[in-house]
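Please open the model in your viewer, with the sequence panel beside it, and follow the stops below in order. Each stop names what to select and then says what is there.

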Amino acid sequence: QAQVVESGGGLVQPGGSLRLSCAASGSRFSVNSMGWYRQAPGNQRELVASITSGGSTNYADSAKGRFTISRDNAKNTVYLQMNSLKPEDTAVYYCKVITHWTTYWGQGTQVTVSS
């Protein structure tokens, strides 16, 4: 079973930037895609951005133009560069890893956008 670990969350002022990282390791697997989801209290977990091993990307409308997802397949690592952050971006951000056999979730990292 793989371990999925996120990092890079924190407190940032509106208009600021953060870069989230997610690394999957610990077992043999082949990654098909990786993505970032977020969940605020009382809300459903929603897709922010995803990327396939081939480099195809998908973004939520709220993220387009502000967020950029990238990955290093050799390291099984995905990044989310978040610019022009807004208070509405405040949530726990989770990394999702989809392999040929199953899916894995990270523990989440808190992103808080506030003055």
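Predicted model: local features only at pLDDT ≥ 70, side-chain atom pairs only at ≥ 80, totals over all residues.

Begin with the cysteines, since the structure holds one disulfide, a term that stands for a pair of cysteine sulfur atoms within 2.5 Å. Select Cys22 and Cys95, which form this disulfide with their sulfur atoms 1.9 Å apart. Cys22 lies in strand E3 (residues 18–25) and Cys95 in strand E9 (residues 91–99), so the link ties together parts that are 73 residues apart in sequence. If you look along the S-S bond, the angle about it is -80°, and the link of Cys22 and Cys95 is left-handed. Both Cys22 and Cys95 are buried, where buried means under 20% relative accessible area, exposed means over 50%, and partly exposed is in between (1.4 Å probe, protein chains only).

Residues are numbered from 1 along each chain as its sequence is written, and side-chain values use heavy atoms, with hydrogens and water left out.

Thr77 belongs to strand E8 (residues 77–82) and is buried, with a relative accessible area of 8%. A polar atom of the Thr77 side chain lies 3.0 Å from the backbone oxygen of Lys75.

Now show the sheet that contains E3 and E8, an open sheet of four strands in the order E1-E3-E8-E7 with antiparallel pairing; two strands count as paired if DSSP finds at least two bridges between them. Its edge strands are E1 (3–7) and E7, each of which pairs on one side only, and the twist averages 15° from one strand to the next; for such angles, axes are lines fitted to C-alpha atoms (for helices over the stretch in contact), and values run from 0 to 180 degrees between N-to-C directions. E3 and E8 are joined over six bridges in the antiparallel sense, and Arg19 stands opposite Gln81 in E8.

For the next stop, select Arg38, Glu46, Arg66 and Asp89, which are linked in a network of salt bridges. The structure has four salt bridges, each defined as a side-chain nitrogen of Lys or Arg within 4 Å of a carboxyl oxygen of Asp or Glu. Glu46 pairs with Arg38, their closest N and O atoms being 2.9 Å apart; Glu46 is partly exposed at 40% relative accessibility, whereas Arg38 is buried at 8%. Asp89 also forms a salt bridge with Arg38, again with closest N and O atoms 2.9 Å apart. Because Asp89 lies in the loop between E8 and E9 and Arg38 in strand E4 (residues 31–39), this pair ties together parts that are 51 residues apart in sequence. Asp89 has a further salt bridge to Arg66, where the closest N and O atoms are 2.8 Å apart. Here the pair links the loop between E8 and E9 with the loop between strand E6 (57–59) and strand E7 (67–72), 23 residues apart, and both Asp89 and Arg66 are buried.

E9 and E11 pair in the antiparallel sense over three bridges, with Ala91 opposite Val111.

Asn76, in the loop between E7 and E8, has a positive phi near 50° and is partly exposed, with a relative accessible area of 21%. Ser84, in the loop between E8 and E9, has a positive phi of about 50° although it is not a glycine, and it is partly exposed at 42% relative accessibility.

Key. Helix = DSSP H or I, 4+ residues; strand = E, 2+ residues; numbered from the N terminus. Polar contact = N/O pair within 3.5 Å; in protein donor to acceptor, adjacent residues only side chain to side chain.
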